[in-house]
Amino acid sequence: MSKITTLDEFILHNENLHPESTGKLSSLLRDIGVAAKIVNREVNKAGLVNILGIEGSENFTGDMVQKLDIFANEKMISLLSNSGECAAIVSEENEEMISVPKVKNINANYLVAMDPLDGSSNIDVNVSVGTIFGIYKIQDENKEVTAESFLQKGVEVIAAGYVLYGTSTMLVYTTGNGVNGFTLDPSIGEFCLSHPNIKIPDRGNYYSVNQGYYLKFDVEMRRYIDYCSDLNLRLRYIGSMVSDVHRMLFQGGIFLYPNTRKYPQGKLRLLYECVPMSMVVEQAGGHAINTKLERIMEVQPVNIHQRSTIVIGSPAMVKEMQEFIKKYTQHEV
Ligand code: AHM
Ligand code: MG
């Protein structure tokens with residue numbers, strides 16, 4: 001029987017490879033792992049207890065917030081706050097940045113941007129959802145941490161990943177040195193290394209886009225979708241970015257969320273959806289750009305909740321899509 005490596009062991013092992021490391025990032029990553037287990041427990045029993053359904057409130061963007069979103073948000077915030085390593089949090093569910101009080105009067109070094117439960121429209125029909133996170137370093141320790149401290153390009157992110165609450169629960173993350181996937185073994189309550197050094201295939205047989213918006217897409221997007229269909233690629237769209245991108249990561253393919261009439265800047269959030277997923281995909285050998293052909297990781301954010309278009313997945317397919325944008329676009333790119 002091969003030896004099982006738990007998430008904690010893996011994080012510790014990597015820390016030992018870097019003698020200069022302070023262990024603070026490791027501890028933050030471990031806390032995210034613990035939060036993921038707690039959220040997972042609730043997601044799994046969502047059908048059993050009366051936690052499902054609309055909470056009755058709307059989050060500040062006007063999307064309906066469901067109970068599990070609130071639970072996941074609160075759990076993540078509480079674990080990150082107690083970790084002592086996180087100075088502030090930006091969450092999809094909170095309009096303002098959340099300042100975290102110092103633990104034992106020690107300054108924390110990191111900032112966390114997260115979507116605590118992405119794909120929330122899937123919750124009450126028992127379809128996969130996910131948690132997305134990106135960890136930033138505080139650039140100037142002498143300055144007070146404000147929302148502006150989060151306005152760093154994706155290339156500055158030091159760790160990013162996601163948790164997929166699916167048929168099994170997986171945590172996939174990168175610290176900029178490859179991507180590793182861990183599957184939760186419910187019998188021992190541990191994330192165990194199941195997918196070391198993930199590499200995305202150069203192309204795949206899948207494309208993922210909300211084709212229901214076809215007529216609302218720009219012409220280059222419509223031409224590209226026609227092309228995918230001509231090639232007999234298989235359309236897969238769960239409506240949960242984590243799940244859809246996870247499929248591309250393992251089986252190859254392309255995920256697109258372009259601008260629509262309703263969302264002229266795209267729907268997905270740059271800081272806590274597009275950047276972390278782009279870092280994971282790039283670290284696995286894939287590409288991620290917006291429809292202006294900018295690399296997502298190099299976009300300078302101007303607002304913590306800003307939206308972005310995204311084209312992400314297998315490198316050969318993203319390059320191909322890029323050519324469609326250049327050829328058919330009626331805007332300047
Ligand atoms: P959410 O954070 O409110 O759940 O919204 C993000 C989700 C993504 O997971 C998914 O890719 C997208 O919204 C689906 O949107 P649409 O229903 O417009 O296709
Ligand atoms: Mg989301």
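Buried means under 20% relative accessible area, exposed means over 50%, and partly exposed is anything in between, using a 1.4 Å probe and protein chains only. By that rule Val-129 is buried, with a relative accessible area of 2%. This is a predicted model, where local features need pLDDT of at least 70, side-chain atom pairs count only at pLDDT 80 or more, and totals for chains, interfaces and linings use all residues. Residues are numbered from 1 along each chain as its sequence is written, chains are lettered from A and ligands numbered from 1 in the order in which they are written, and side-chain values use heavy atoms, with hydrogens and water left out.

**Around ligand 1**

- Ligand 1 has 16 residues around it, and the closest are Asp-118, Tyr-213, Tyr-237, Met-241 and Tyr-257; a residue makes the list if one of its heavy atoms lies within 4 Å of the ligand.
- That shell splits into six nonpolar, five polar and five charged residues. Here Ala, Val, Leu, Ile, Met, Phe, Trp, Tyr, Cys and Pro count as nonpolar, Asp, Glu, Lys and Arg as charged, and the others, Gly among them, as polar.
- Domain 1 (7-195) and domain 2 (206-332) both give residues to the shell, so ligand 1 lies between them; the bounds come from an automatic or database domain assignment.
- Oxygen atoms of ligand 1 turn up in several pairings: one is 2.7 Å from an N or O atom in the side chain of Asp-118, one is 2.7 Å from a polar backbone atom of Gly-119, and one is 2.9 Å from a polar side-chain atom of Lys-267.
- On its own ligand 1 exposes 470 Å², and the protein buries 86% of that (areas come from the Shrake-Rupley method with a 1.4 Å probe).
- Strand E5 (110-118) and strand E13 (253-257) are the elements that give two or more residues to this shell. Strands (E, at least two residues) and helices (H or I, at least four) are DSSP runs, numbered from the N terminus.

- Glu-92 sits in the loop between strand E3 (86-91) and strand E4 (98-99), while Asp-118 is in strand E5, 26 residues apart.
- Glu-92 and Asp-118 are both buried.

**Side chains in contact**

- Thr-169 belongs to strand E8 (residues 169-174) and counts as buried at 5% relative accessibility.
- The side chain of Thr-169 makes a polar contact of 2.5 Å with the side chain of Asn-40. A polar contact is a pair of N or O atoms within 3.5 Å; within protein, one must be able to donate a hydrogen and the other to accept it, and residues adjacent in sequence count only if both atoms are side-chain atoms.
- Asn-259, in the loop between E13 and strand E14 (268-269), is buried at 17% relative accessibility, and its side chain has a 2.9 Å polar contact with that of Asp-218.

**Helix H5**

- Helix H5 (residues 241-251) is mostly covered, with eight of its eleven residues buried; among them are Met-241, His-246 and Leu-249.
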